[in-house]
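Good morning, everyone. Please look at the screen, and then I will walk you through one chain.

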Amino acid sequence: MTDATRLHFQDTPGLLSQYGRALLARPGKTSSPHLPGIEAWQTSVRADADKVAAYARVCGFNPDAPGLPITYPHILAFPLHMELMLHKDFPLALMGLVHIRNHITQHRTIQLSDKLDICCRFNPLQETDKGLEFDICTEISCGGEIVWESVSTNLARHPRSSQRRTARVRPAPASFSEHEDWELASNLGRRYARVSGDSNPIHLFTLSARLFGFPRHIAHGMWSKARTAATLMPLLNSERCSLSCDFRLPLFLPASAVLHWNPPQQHTPASTHFELRSSDGHKTHLQGRVFIPDTAAMMPVTTQQ
């Protein structure tokens, strides 16, 4: 990839203006869409201590803990994700996309004093029975060393996906020995938007969510992942780890939910699987795995479909 295909940003793009552009954007018309070969870069980025602490409080992390929560670098990179999808050659309707999977690899805890370089790029489109999937890959480095990586997978639903989908037998629910009850208030989406900058209308109010086909506003998937990490990361007691999850069903607000997990294995590599279910146990909203490898290489972990 050449310098001519890189988008450089001196300052963090404003998310509110990005959502305004997204509402007005029209996808390109093509019979065989492909993603533009571009990268979005921002250099010399430092996290703001007050913003990190506010995020930690909303997501359940200890706001006085040193370093960034494992999910916070996603907040730093998300404006660059938006710029990639707002590029004139991006072929899909941004406001109709669904975030379906997210994988994070943390090589070490990022400190507030770290000066970070952030690079985001696309992986190619993949056609599935539900529609078109694509990844946004993020690398965050400090002093030339990669300290954090992620892969966010998005879906553009096929208009006839429900007709194309083949029926599958649902596996029996997994058994877990530990759980934590959650009560999610109606204003959770607005609270998370204030600390993350992600003001997607489907998360804010019932009325704004209905404009996009939802009966009520829904919790941010990355809030659910962050809240899960806040509970499970202390159990593993390691800076080096990976955290993978699939976003299954929307969690309508207000809501009661239960996080289920098994204690980490007592050997290396250590891991624990988890699921976020409705309070009656009939719906799975989120499932995934926290993993500590026994080698320096940490490859993305795909959760079972």
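Phenylalanine 122 and phenylalanine 134 are both buried. Buried means under 20% relative accessible area, exposed means over 50%, and partly exposed is in between, with a 1.4 Å probe and protein chains only.

Now a word on the source. This is a predicted model, where local features need pLDDT of at least 70, side-chain atom pairs count only at pLDDT 80 or more, and totals for chains, interfaces and linings use all residues. Residues are numbered from 1 along each chain as its sequence is written, and side-chain values use heavy atoms, with hydrogens and water left out.

Next, the overall picture. The chain has seven helices and 12 strands. These are DSSP runs numbered from the N terminus: helices are H or I with at least four residues, strands are E with at least two. Of the 305 residues in the chain, 50% are buried. Now take contacts, meaning heavy atoms within 4.5 Å. Among those between residues at least 6 apart in sequence, 72% join residues at least 24 apart.

Back to our rings. How are the planes of phenylalanine 122 and phenylalanine 134 arranged? Their ring centres are 5.8 Å apart and their planes stand at 75°, so the pair is edge-to-face. Here are the cut-offs: rings of Phe, Tyr and Trp (its six-membered ring) pair if their centres lie within 6.5 Å, and planes under 30 degrees apart count as stacked, over 60 as edge-to-face and the rest as tilted. Phenylalanine 122 sits in strand β4 (residues 116–122) and phenylalanine 134 in strand β6 (residues 131–142), so the pair ties together parts 12 residues apart in sequence.

Asparagine 154 touches it, along with Val98, His99, Leu132, Glu133 and Ile136, not counting residues up to four places away in sequence. Asparagine 154 lies in strand β7 (residues 145–157). It is buried, at 9% relative accessible area.

On to the other rings. The whole structure has seven aromatic pairs. One of them joins tyrosine 55 and phenylalanine 61: centres 6.4 Å apart, planes at 15°, so this pair is stacked. Tyrosine 55 is buried, with a relative accessible area of 1%. Phenylalanine 61 also counts as buried, at 15%. Tyr55 and Phe61 form one aromatic cluster with Tyr72 and Tyr192.

Now the helices. Helix α2 (residues 49–59) packs on helix α7 (residues 221–236) at about 85°, with axes 9 Å apart. Axes are lines fitted to C-alpha atoms, for helices over the stretch in contact, and angles run from 0 to 180 degrees between N-to-C directions. That angle makes α2 roughly perpendicular to α7. Under 35 degrees would be roughly parallel, over 145 roughly antiparallel, 65 to 115 is roughly perpendicular, and the rest is oblique. Which residues of α2 and α7 make the contact? From α2 come Tyr55, Val58 and Cys59; from α7 come Trp223, Ala226, Arg227 and Ala230.

Helix α7 also holds glycine 221. That glycine 221 counts as partly exposed, at 26% relative accessibility. Its C-alpha is 8.9 Å from that of histidine 285, 64 residues away along the chain.

Last stop: arginine 21, in helix α1 (residues 15–24). Arginine 21 is partly exposed, at 37% relative accessibility. It contacts Glu83 and Leu86, leaving aside neighbours within four places in sequence.
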